[in-house]
Amino acid sequence: MEKIKKLELRGVSRSFGTTQALYDFNLEVAGGMFVSLLGPSGCGKSTALNCLAGLLDLTHGEIILNDQPIHNIPAEKRGIGMVFQNYALFPHLNVTKNVSYGLENYKMPTSEMERRVKWALDLVHLDLKEFGHRLPAQLSGGQQQRLAIARTIALEPALLLLDEPLSNLDTKLRSEMRIEIKNMHRHLGLTTVYVTHDQSEAMSLSDLVVVMRAGRIEQIGTPQDIYNCPNSLYVADFMGYSNRLPVEIMGQEGSEWLVQTDTGVMLRASTTYAGNTGWQKGDHVVAVARPDEMVADPLPETNRLKGTVHLVDYVGKAFEILVRLDNNEAIQLLVWSQQPTELEHPLTFGIRPNRLLLFPTENIVSTHSPKAASLKPVMS
Amino acid sequence: MVNTSIGAGTIVAAEPRRRINWGIVLLCLPALAFVVAMFVIPFLFGLNLSLHPGNSLDAVGDLSFANYLQFFNDPGQSDSVWITFQVALPVTVFSILISIPLAYYMRRGIRLERFITTLLILPLTLGNVMVAQSMLLYYGRQGWFNQALQALHIIKDPLPLVHSWWGVEIALFIQNFPFVFLMILGYMSGISPDLERASRMLGASAWRTFWKVIWPLILPGVAIAFCLNFVANFTVFPSAVMVGRPDDQTKVLSVVAFRAAYELQNPSLGTAIAFVMGIIEFVVVSAVLYARSRMTRTSVLGGGKGV
């Protein structure tokens, strides 16, 4: 198949009856890129993928592949490969037949077909001799996954779509397959669009991550961008900024903001918020931080908070400590430390000003309903 | 999806030496007694009776195949085998052929599905005699159907839709089609829609997807539906008498057996004819199931984790 130079989705939207699943989706992908659509269930990421595949018609918008519109071409003629979440292997066909199914549709000569079947199965490390005659039901979950990928790759599609391909595998297999998918992508240079709700999968695999929320794109960026500079509280929440601290704006110093917690502690913070900050003294905002960046040992020199140790949990690299803030026990923060600490003992911890991120207070609980998307960030 | 059967290569752990679980044996006894009393004994009684020609129900005299020979040597009786096939096969094949596209169309659910299903099930609740009686009124020479067609000048003379082969075909279709349809619909809607999507993504048209994916997966269901429906149609009796022509066009085996037993007062011969009927059904069902097993090696609808 022809290699992709550029894939564009312009203003793509899709409704189901009165419910709109996808709003004005715009994305430009260069050939050979690995793009992830990331978001919780119901955020429209699978809808976007199915629109791209041709399995769903667009309500509005267009899809342009190498300057040719493809959104009116039926799925079976788009030359796009797709791996399904539940693999969708043909239960009545053996491994070889499952792989050659697509090749037969393109009326390939037998010799070429045999070569491709072997090549595709080799690529996913399924031995043709050992597994060729087995039915899908006689394969393990991981082998079924490999077969599903081989079946799609055999056609050498211009574009590969993967719909949560690892979500049915156990943790160990998942990380193995993740590495294999990454290797395969590097080896073949296939332009790939990958749908997942797992941020670590998206981070480790992608060149570009598209964070979605209630049918809309929330942020597009490289994994580093998204991880370090989330442009909304929603993305921050998704990227593991689970510590939240309500604070009041006291002033601004260069790129840093001076804020005060409701217990009177002064902190320095920054923001990666994409919207208009325009915060004035006395405004209430929320400060968020990742547990691994809010540390007790080694203790940062400035920007410190005090609390009482409530729980200690060893997470491998460090101890994760649940701390109740002094003078306001309602606020619980997760803090990392190289040293274990005693329960109910006081603990001092801190965070670098550029890793304590400020966002407008926002309701992000109901990310599943499309209505949530129309809620403007609330400034209080 | 639920795993409906285990693939051929599944490894089964070696079982420890079997011990008889008397509790389970006891639990099975009532059902077993019922089957023996209600089926096995009458079956053996009938078999014995058919092998003792004569007018007595006591099965006296020597074992003999005279009844069977008499049936096959009398063309007036044995031609009913062919007649029964002519009655049973077309309506069975027709029901299957109608069901498959209809079920394909309805496989993802359609509007008014519940209403349509109810409409289909309704004839099942009516019973053969009621359907036949209604048909006599509706499809008869003076019935609404013929009157309407005549009024519209589509036909000149009334169509012989009752007291004919057609009458039996229509009656059997009304009574047995719902079974066939619902069964095939069940198989069809049990196939994951992702298989069809996957097939499209691999470049197959809807037509090719049907023949390469859906058809092999519903084939077991079609075979079973065919067998059940064929047996039901092959044993037709009330309809053959009431809306058919039991003297020639619809002189099916059950009619011949009935006449032998109750008009010729020869229950032994009647039983023998019933056994001929049973054997033919058995042969047909076996042939269909054998053909099915040759066509697809497996009957799995789902295959293991996540398929």
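**Notes on a predicted two-chain model**

1. Let's start with chain B, which has 12 helices and zero strands. From the N terminus on, its elements read α-α-α-α-α-α-α-α-α-α-α-α. Helices here are DSSP runs of H or I with at least four residues, strands are runs of E with at least two, and both are numbered from the N terminus.

2. Some housekeeping before going further. This is a predicted model, in which local features need pLDDT of at least 70 and side-chain atom pairs count only at pLDDT 80 or more, while totals for chains, interfaces and linings use all residues. Residues are numbered from 1 along each chain as its sequence is written, and chains are lettered from A and ligands numbered from 1 in the order in which they are written.

3. On confidence, the model scores ipTM 0.81 and pTM 0.79. Chain B has a mean pLDDT (the predictor's confidence in each residue, from 0 to 100) of 87, with 91% of its residues at 70 or more. Where pLDDT is low, the predicted coordinates should not be read in detail.

4. The C-alpha atoms of chain B fill a box of roughly 75 × 65 × 35 Å along the principal axes, and the C-alpha trace of chain A spans about 75 × 45 × 35 Å along its own. Chain A comes to 10 helices and 20 strands. Of its 380 residues, 43% count as buried; for the 307 residues of chain B the figure is 35%. (Buried means that 20 or more other C-beta atoms lie within 10 Å of the residue's own, exposed means 12 or fewer, and partly exposed is in between; C-beta atoms are placed from the backbone.)

5. Contacts are pairs of residues whose C-beta atoms, placed from the backbone, lie within 7 Å. Among contacts with a separation of 6 or more, residues 24 or more positions apart account for 68% in chain A and 72% in chain B.

6. Helix H5 of chain A (residues 141-153) is worth a look. Its 13 residues reach 18 Å from first C-alpha to last, close to the 18 Å expected at 1.5 Å a residue, where the expected span is 1.5 Å times one less than the number of residues. Since 11 of the 13 residues are buried, H5(A) is largely enclosed by the rest of the structure. Those buried residues include A:Gln145, A:Arg146 and A:Arg151. They pack against strands E6 (80-83) and E7 (159-163) and helices H2 (95-105), H3 (110-123) and H6 (171-188) of chain A.

7. Strands E11 (243-253) and E12 (256-261) pair antiparallel over six bridges, pairing being called when DSSP finds at least two bridges. A:Glu253 stands opposite A:Glu256, and in the two-residue turn A:Gly254 takes a positive phi near 60°. E12(A) and E13(A) also run antiparallel, joined by four bridges, with A:Val259 opposite A:Leu267. Four residues lie between these strands, and A:Gly264 takes a positive phi near 90° in that hairpin.

8. Finally, where is A:Ser270? This residue lies in the loop between strands E13 (266-269) and E14 (284-289) of chain A. A:Ser270 is partly exposed because 18 other C-beta atoms lie within 10 Å. Leaving aside neighbours within four places in sequence, its contacts include A:Glu256, A:Trp257 and A:Pro353. The C-alpha atoms of A:Ser270 and A:Glu253 are separated by 9.9 Å.

Key:
Two residues are in contact if their C-beta atoms, placed from the backbone, lie within 7 Å.
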